[in-house]
Every structure is written in C-alpha cells, then in structure tokens.
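Have your viewer open and your selection tool ready. We will go from one stop to the next, with a note on what is there at each.

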Amino acid sequence: MAIPNPVVKFTYEDYLNAPEDKRYELLDGELVMTPAPGERHQSVSALLGWKLVQFAYESSLGRVYFAPFDVVLSNVDVVQPDLLFVSNERGHIITPANIQGAPDLVVEILSPSTAERDKTFKRALYANHGVNEYWMVDPTAKDITVLLLGERGYEVVDTYGEEETLTSPTLQGFALNIGDLF
C-alpha cells in the first residue's frame with residue numbers, strides 16, 4: 001500500500017480538473033483514485049447515514065453529508081469521507097461546493113482497498129486538521145471504533161460490537177444498536 005508522498009504534488013485546483021467520472025481524494029498532494037464501494041459498504045453507509053441524519057435533524061444539531069462530497073482540509077488535502085457531520089456552531093465551513101475545514105465527526109467505512117489508509121494516514125490527517133471525532137466502521141468484523149481527538153491525536157473511546165450500543169461524545173444523546181447495521 002502506497003503511503004502518500006508524491007514527487008509531484010497536486011493542488012486543489014488540479015484536483016478540480018480531474019475527470020468527473022471517477023472518485024478521487026487528494027492526500028498530501030497525491031491524487032488517489034478510490035474505487036466505487038461495494039454493496040455491503042453502501043448498505044452500511046445508507047443505514048448509518050439515515051440514523052445520523054434522523055438524529056441530527058430531530059435534535060437540530062447540524063447537517064450530515066454522504067460521499068462523494070469534498071472536505072477541503074488544505075490546499076493539498078481534500079477527502080471524501082463516507083459520512084460526515086457539521087454542527088450548527090461550525091456551519092460557516094459549509095459552502096455550496098464543499099466543506100472548507102474540519103467537520104465535527106467523520107465516518108469511514110473500511111473496505112479492502114481503503115482500510116489500511118483509513119486506519120493510518122487518514123486517521124493522522126483528520127487528527128492533524130482537528131476533526132473532533134472519527135468512526136472507523138468495519139463491516140467484516142461488524143464493529144465500529146469511535147475515536148476522540150485528544151492532546152496527542154486520537155484516543156480510542158471504545159469499539160462497539162454487534163450486541164452493543166454505540167454512543168457518541170460529539171452527538172450527545174445519539175445511540176445506535178450496532179446489530180441494526182449489520
């Protein structure tokens with residue numbers, strides 16, 4: 001697995017000129033093509049996204065977005081998390097074209113082609129840019145690891161399995177029966 005460290009670094013402007021029929025992310029200046037997610041990934045994304053949208057809407061807390069939707073963290077880092085939440089307090093980072101800055105919560109659903117990058121490079125990237133909470137959803141293990149930003153990067157809050165109920169430090173009052181997703 002290649003760790004982004006290109007000889008030629010692309011910028012956000014280069015990223016905007018990439019072919020529209022492909023899904024890309026810009027990671028430390030490297031243009032990374034991401035394959036379309038499979039059925040299981042899509043199913044988990046839809047169910048989890050629906051639960052998050054419902055909670056955020058009913059609680060009037062903020063907005064939830066689904067990939068593909070650009071999150072511009074810097075001129076050389078543009079990601080498309082599977083799901084993301086931006087609180088009303090941080091609503092100023094939402095533009096018609098993208099998110100300009102760190103969302104409050106980012107969710108990545110692990111797949112064989114992206115799992116290693118999501119667990120390492122993107123974890124560090126999100127922490128460095130101030131994403132408060134990061135969820136790594138593992139459809140194979142049928143669990144979700146919740147991480148919260150601390151002084152030295154992310155700290156694992158818990159890993160919730162099929163028989164457990166996930167709670168979120170960022171989304172106070174949110175509860176999810178993990179078995180409902182898988």
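Here is the tour, starting with how to read the model.

This is a predicted model, in which local features need pLDDT of at least 70, side-chain atom pairs count only at pLDDT 80 or more, and totals for chains, interfaces and linings use all residues. Residues are numbered from 1 along each chain as its sequence is written, and side-chain values use heavy atoms, leaving out hydrogens and water.

**Stop 1: the core**

Select Val79, Ile99, Tyr126, Tyr134 and Tyr154: of the 25 residues in the largest nonpolar core, these touch the most other members. Such a core is a set of buried Ala, Val, Leu, Ile, Met, Phe, Trp, Tyr and Cys residues joined through side-chain atoms within 4.5 Å. Buried means under 20% relative accessible area, exposed over 50%, and partly exposed in between (1.4 Å probe, protein chains only). Now colour strand 4 (71-74), strand 6 (83-87), helix 4 (121-128) and strand 9, the elements that give two or more residues to this core. Helix 4 supplies the largest share, 4 residues. Helices (H or I, at least four residues) and strands (E, at least two) are DSSP runs, numbered from the N terminus.

Apart from this core lies another, of 22 residues, including Phe55, Phe85, Val107 and Leu181.

**Stop 2: the rings**

The whole structure holds 5 aromatic pairs. Rings of Phe, Tyr and Trp (its six-membered ring) pair if their centres lie within 6.5 Å; planes under 30 degrees apart count as stacked, over 60 as edge-to-face and the rest as tilted. Show Tyr126 with Tyr134: their ring centres are 5.1 Å apart and their planes at 75 degrees, so this pair is edge-to-face. Both Tyr126 and Tyr134 are buried. Tyr134 lies in strand 9 and Tyr154 in strand 11 (residues 153-160), so the pair ties together parts 20 residues apart in sequence.

For another view, select Phe55, Trp135 and Phe174, which ring pairs link into a cluster.

**Stop 3: Met136**

Is Met136 buried or exposed? Met136 is buried, at a relative accessible area of 9%, and lies in strand 9 (residues 133-138). Its C-alpha is 7.6 Å from that of Lys119, 17 residues away in sequence.

**Stop 4: helix 2**

Finish at Tyr57 in helix 2 (residues 39-59). With 69% relative accessibility, Tyr57 counts as exposed.
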